[in-house]
Amino acid sequence: MSAFAIVAGAAGGVESIARELVKPLVDRGHVVGVTLTPTAATWLQASDLIRELENLTGLPVRSTPRLPSEKSPHPKPDVYVAAPLSASSVAKLALGIADNQALTSLCENVATTPMVLFPRVNAAHARQPGWAGHLAALRSVGVQLIYGDDVWPLAEPRTADPGRALPWAAIIQAAEDSL
Ligand SMILES: Cc1cc2nc3c(=O)[nH]c(=O)nc-3n(C[C@H](O)[C@H](O)[C@H](O)COP(=O)(O)O)c2cc1C
């Protein structure tokens, strides 16, 4: 049994994390704590999915910082799984911009705890001038990116099927392999 920290942002597929990512890990006997960006928390709250995640994991879903007097409600993770992460949050992580609880947690642990990251991006995001540098910076400290034509060919904006499944099997396999 290992402890997994799932960090998810406001990107396509976040509505599936309970079924496709968290439940398979819980079913394998792992402890799973979920942290969301503020926007992702708003999206999942609107669909009543926060409660489903909390029922599955038995832990509170985090999206706001704790009070200085409070302890973290999640166990110390053996591995971080950042999936799906938006282009914006990937850039922030690479630059060390920890302006919400999800990024704080990733930024603090990026070079010390195994981290698997799925950037849920399109071809326009990848044309941003800083993008290649952000990926290189993350790889240089050992972040394992689930990225490339073999796992997630980039589509032009608004051309892909909105229900396109994320590469969940590759994400879970990489996370378990990194333990
Ligand atoms: C319906 C919808 C879907 C989106 N999907 C994506 C996406 O798949 N990837 C992405 O990088 N941004 C996507 N965005 C834009 C992000 O939500 C936006 O950049 C947001 O600020 C990211 O915040 P976060 O990373 O803090 O969650 C989407 C926005 C909307 C409204």
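**Packing around helix α2 in the predicted model.**

**The buried face of α2.** Helix α2 spans residues 38-46. Its buried residues are A40, A41 and L44. Viewed down the helix axis, these buried residues fall within an arc of 100 degrees, so they line one face of α2.

**The other side of α2 and the residue that follows.** T42 and A46 are exposed, on the other side of the helix. Just after α2 comes D48. The phi of D48 is positive, at about 60 degrees.

**The shell around the ligand.** Which residues surround the ligand? Glycine and alanine positions include G9, A10, A11, G12 and A87. T37, S86 and S89 are also part of the surroundings. W43, R120 and H125 complete the list. By class, the shell holds four nonpolar residues, six polar residues and one charged residue.

S86 places a polar side-chain atom 2.5 Å from an oxygen atom of the ligand. For S89, a polar side-chain atom also lies 2.5 Å from a ligand oxygen atom. G12 uses its backbone: a polar backbone atom is 3.0 Å from an oxygen atom of the ligand. On its own, the ligand has 640 Å² of accessible area, and the protein covers 60% of this.

How values were computed: Residues are numbered from 1 along each chain as its sequence is written. This is a predicted model: local features need pLDDT of at least 70, side-chain atom pairs count only at pLDDT 80 or more; totals for chains, interfaces and linings use all residues. Side-chain values use heavy atoms; hydrogens and water are left out. Buried means under 20% relative accessible area, exposed over 50%, partly exposed in between (1.4 Å probe, protein chains only). Helices (H or I, at least four residues) and strands (E, at least two) are DSSP runs, numbered from the N terminus. The arc is that of the directions from the helix axis to the C-beta atoms. A residue is near a molecule or strand if one of its heavy atoms lies within 4 Å of it. A polar contact is a pair of N or O atoms within 3.5 Å; within protein, one must be able to donate a hydrogen and the other to accept it, and residues adjacent in sequence count only if both atoms are side-chain atoms. Accessible areas come from the Shrake-Rupley method with a 1.4 Å probe; for residues, only the protein chains shown count as cover. Ala, Val, Leu, Ile, Met, Phe, Trp, Tyr, Cys and Pro count as nonpolar, Asp, Glu, Lys and Arg as charged, and the others, Gly among them, as polar.
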